[in-house]
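Here is a brief report on one protein chain. Keep the structure in view while reading.

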Amino acid sequence: MTRQDLRDWMNGEIRAGRMTLDESTPFVSMTLAIPVNGDWDALDQTMRTERVDFFALTKAGIEGARWRKDDEAEALLEGALQIMQRYQGHPTSVDTVA
């Protein structure tokens, strides 16, 4: 799924009451990208077309948090991974997350 797809999914889950704002925190950071060269137009297009493996991204984030001994970040990312796993294969959601 693209970063824009993830943003749309996350916002839909919040609006439907299936996700709290606190639960959305790690997903928000996954939807962000900052262009190194300052080309925001190209970045906007990339965010709409480039597919990202958010499961792998989240697992790498968990490992990084463990390495840094950042228990708060690890817990947030573990929660995000559980949400993604819960919705994987569900017709409205996260089979689009990977």
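Buried means under 20% relative accessible area, exposed means over 50%, and partly exposed lies in between (1.4 Å probe, protein chains only). Helices (H or I, at least four residues) and strands (E, at least two) are DSSP runs numbered from the N terminus.

## Model and overall fold

This is a predicted model: local features need pLDDT of at least 70, side-chain atom pairs count only at pLDDT 80 or more, and totals for chains, interfaces and linings use all residues. Residues are numbered from 1 along each chain as its sequence is written, and side-chain values use heavy atoms, without hydrogens and water.

The chain has five helices and zero strands. Its pattern along the sequence is α-α-α-α-α. Of the 98 residues, 36% are buried. The chain exposes about 6100 Å² (Shrake-Rupley method, 1.4 Å probe; for residues, only the protein chains shown count as cover). Carbon and sulfur atoms supply 53% of that area.

Contact means heavy atoms within 4.5 Å. Among contacts with a separation of 6 or more, 62% join residues 24 or more positions apart.

## The H1–H2 pair

Helix H1 spans residues 3-15 and helix H2 spans residues 21-31. Their axes come within 9 Å and cross at roughly 170 degrees. Axes are lines fitted to C-alpha atoms, for helices over the stretch in contact, and angles run from 0 to 180 degrees between N-to-C directions. H1 and H2 are therefore roughly antiparallel; the cut-offs are under 35 degrees for roughly parallel, over 145 for roughly antiparallel, 65 to 115 for roughly perpendicular, and oblique for the rest.

From H1, Arg3, Leu6, Arg7, Trp9, Met10 and Ile14 meet Leu21, Ser24, Phe27, Val28, Met30 and Thr31 of H2. The residues of this contact divide into eight nonpolar, two polar and two charged. Here Ala, Val, Leu, Ile, Met, Phe, Trp, Tyr, Cys and Pro count as nonpolar, Asp, Glu, Lys and Arg as charged, and the others, Gly among them, as polar.

## Two sides of H2

Ser24, Pro26, Phe27, Met30 and Thr31 are buried in H2. They lie on the same side of H2 because they cover an arc of only 150 degrees around the axis, taken from the directions from the helix axis to the C-beta atoms. Leu21 and Asp22, on the other side of H2, are exposed.

The buried residues of H2 pack against H1, helix H3 (40-49), helix H4 (54-68) and helix H5 (71-87).

## Thr58

Thr58 sits in helix H4. Thr58 counts as buried because its relative accessibility is 1%. Beyond its neighbours within four places in sequence, Thr58 is in contact with Met30, Leu77, Leu81 and Met84.
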